[in-house]
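Subject: Handing over the structure

Hi,

Here is the structure I promised to pass on to you.

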Amino acid sequence: MKYRPEVDGLRALAILSVLIFHLGYKGLPGGFAGVDVFFVISGYLITKVIWDNVAAGTFSYQAFWERRVRRLFPALFVVYVFCLVAGPFLLLPDDLGETGLAVVIQAFLSTNVLFWRTVSAGYFGDPPEIRPLLHTWSLSVEEQFYLFFPMLLAMGRRKGVALVAGFSFAASLMLSTKSPVFAFFMLPCRAWELLLGSMTAALGRPKSSQFTDLLGLGMILYFMLTANQYDPWPGYRALLPCVGTATLLWGMTEGSLVGRFFSTRPVIFVGLMSYSLYLWHWPLIAFAQYTQFELPSGAQALIVALTFLLSYLSLRLVETPFRTRKLLASRSSLFQAFFAANLFLMALGLATYRYSLDRWTVESLHLRCPKKNATLALEIKADKVPPLIGDVRTPPSFVLWGDSHAMSIAPALDAAGRRLHLSGYQATLSGTPPLLPSRQKVLETILKEQKIDYVFMAGYWETYTKQDEKDRLVKTIAFLRAKGVTPVLVLDIPNYSFDVPRRLSTDSLYSRPDSKGVSLQENRGFQRWLVELAKGCLVMEPASYLAGPDGVCRLKIGDSSLYRDSHHLSPFGGNYVTPMFLDFFESNK
C-alpha cells in the first residue's frame, strides 16, 4: 500500500481532540469522537493492506497478526507495567483491584467487556479517573474486530462487509438508547465504524477533492465543536464524524488544500506518535486527577509535556524497533515473547491488589467503604403490600414512598418511629418515583384499610423533570389530598458529580483539605421547580440537617461519610437525618 502522509495527519487530529477532551476543555465537547475517527482510519488502512496482500497472493493470518502484535503490544506492555507499578501508590484498593483485573482481561482482548460490566453509569457518568486503563476498551474492540474481519476479506466476501455494517449500525441505533453502556463499549455497536472505513477503501478516488475534503473536515469539526457528550452514543450522531472521516480518506490527497495541511511535518510527527499518545495520555491524566481532582492549568501543561515526551520515547525506543524487526526479528521469537509477556502481566495484575492493602490508613479505608443498610434497602415490587418500619407494635400511620433515595432515608424514619412509637409502610423500589400510577392499587388498599396520616414522597428528583413526570406529581398530590392524607414532599439531598466516599478517602490519604459540599441555598435553587409544584404539600428538607453553621452541606461527620456514592446517603447518613423526622412529628402533633 502506498504511504499516504495526510492520513497520519488525520490521526493527529483524532488524538489531539481526544487529549483536549480528556483534559476537560469545554471548547471541544465532542472531542471524544476522535476515537471514532481512529476506528474509521483503522478499518480503511487494514482493508487496503489485506487486499494488497490477497492480490499478491501473500496474505496469511499468521503474518497479519504478527504485524498487529509488532504494532500494538510492545508499547501497550510498557504502559500496563507503568500502571501496575504506579497504581499501588496512588489508587484505593477497589480501584487498584479493577486496574489489575483489566490487565488480566487484556490477555483475552476483552477490557471492553470488563468496563461494560463495571462502568455502571456509562463512559461519561462514572468518575473516569478511577480507571487509568479505561481507554484500552477501544483497543479491545479493534482486536476483536480483526479476529474475524481478515477472513471475511480474504474469502472475497465484500458484500458481506456491507451487510454486517448494516446490522451493526442498526444495533447501534437501537441499543444506544436502550442499553447505552453496552452500545458504547461493545463490538456489535461499533463494528460499522471500522467497516465504514473498509467500504471506503473499495471506492475509486475522485479527480478533484477540494470540496469533499472541506466537507469531510467540516463534518468532523462541526460535531466536535457542538456535540453533547450526554446524548446517546454512538447511534446516528456518530455518522457525522465517521462519514466525515470516510470522506477525507476517500478524496484527500497530498496536493489538496486540506491534504497539504495534514501533510506538514509537524502534523505528521504528531500523527506518527498518535498510538503512543493515546496510550500514555489517559493514565497520566487519571492518576493526576485521582490525587488532585481539579487540575490547575500548570498541571495540565505539565501532563501534556510529559505525555509528548513519553510518547516520543515510546515511538523511538519501543514501537519502531519492534515494527522494523530490530528486536525479535523472527515470527516465532515474537510470538513466544508475546505469550510470555502476557503471562507476566496476568501474574502481576493478579498480585497487585493482594499486596496493596498496607498502603492505606484506617481512616481512608473507613471513609471509602460505607455499605448499604442490609435491613432497610428494601426493593418492594409495586404490586406487593410493603413491610412495616418503626414501632411495628403500633397501628401504621404513615407511608414512605419512593425510589432508592427514599430507601436511603428509611433508617431515619425507622429510628424516629421506634422512638415515638409510630409505624408505617416502606414502599420503596429503585428507579421508581413516588408518582401515580405506580403503586396506585396498593396505596388505595392501604388507605382504605388503615388510618394513614402522612405519605412521605422521596426520590431522585433531578431525574424526574420531564413534563409528563411533573404532571404526574401534581396529580399524585391531588389524589392523596382527596383521600384525606397529608402528602409530604421530601426534597433531595445535594447530588454530586463525584463519588463522595472515594473523594473523602483520598482527601485523607493525600492530606488534602476536606472537600466541601454545595451550600444549602444552592441546593434549594436546584429544587425550586419542585417546591413550586408542591402546592398543598408539606415540604421536608434533609439537606438542612446536613448543613453546618456556615450553611454548607457536609460530606462527612468525623471519620464517617454521609454518602455511599455520589447521590445516596450512607447508613450513617440515613441515621444522621433522624432529627428531621423527630422534628416533623413533634411540630405536626
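Below is what I found, going from the whole chain down to single residues.

Please keep in mind that this is a predicted model.

**The chain as a whole**

The chain has 589 residues, and 56% of them count as buried. You will find 26 helices and 8 strands along it. The accessible surface comes to about 25800 Å², and carbon and sulfur atoms account for 62% of that. Among contacts between residues at least 6 apart in sequence, 81% join residues at least 24 apart.

From α2, the residues Ile 46, Val 49, Ile 50 and Asn 53 take part, meeting Phe 64, Arg 67 and Arg 68 of α3.

**Salt bridges**

A search of the whole structure turned up 21 salt bridges. One of them pairs the side chains of Asp 36 and Arg 190, at 2.6 Å from N to O. Asp 36 belongs to helix α2, while Arg 190 sits in the loop between α8 (180–185) and α9 (191–201), so this pair ties together parts that are 154 residues apart in sequence. Asp 36 counts as buried because its relative accessibility is 1%, and Arg 190 is likewise buried, at 1%.

Arg 70 is buried at 4% relative accessibility, and Glu 66 is buried at 3%.

Further along, the side chains of Asp 565 and Arg 564 meet in a salt bridge of 3.7 Å, N to O. Here Asp 565 is buried, with a relative accessible area of 15%, whereas Arg 564 is partly exposed, at 22%. Shared partners also link salt bridges into one network that joins Glu 66, Arg 70, Arg 325 and Arg 331.

**A nonpolar patch on the surface**

Phe 269, Leu 306, Leu 309, Tyr 312, Leu 313 and Leu 317 form a nonpolar patch on the surface, and together they have about 530 Å² of accessible area. Which helix gives the most to this nonpolar patch? It is α15 (residues 297–323), with 5 residues. Leu 313 is found in that helix, and its 36% relative accessibility makes it partly exposed.

Gln 106 has its place in helix α4 (residues 93–106), and at 7% relative accessibility it counts as buried. Leaving aside neighbours within four places in sequence, Gln 106 is in contact with Phe 73, Tyr 80, Thr 111, Asn 342 and Leu 345.

Leu 134 lies in the loop between α5 (111–118) and α6 (137–154). Is Leu 134 buried or exposed? With a relative accessibility of 3%, Leu 134 counts as buried. The C-alpha atoms of Leu 134 and Leu 533 are separated by 41 Å, and these residues are 399 apart along the chain.

Enjoy exploring!

Best wishes

Notes: Residues are numbered from 1 along each chain as its sequence is written. This is a predicted model: local features need pLDDT of at least 70, side-chain atom pairs count only at pLDDT 80 or more; totals for chains, interfaces and linings use all residues. Side-chain values use heavy atoms; hydrogens and water are left out. Patches are made of residues with over 30% relative accessible area and no salt bridge: like charges are joined within 9 Å, nonpolar side chains (Val, Leu, Ile, Met, Phe, Trp, Tyr) within 5 Å. Accessible areas come from the Shrake-Rupley method with a 1.4 Å probe; for residues, only the protein chains shown count as cover. A salt bridge is a side-chain nitrogen of Lys or Arg within 4 Å of a carboxyl oxygen of Asp or Glu. Helices (H or I, at least four residues) and strands (E, at least two) are DSSP runs, numbered from the N terminus. Buried means under 20% relative accessible area, exposed over 50%, partly exposed in between (1.4 Å probe, protein chains only). Contact means heavy atoms within 4.5 Å.
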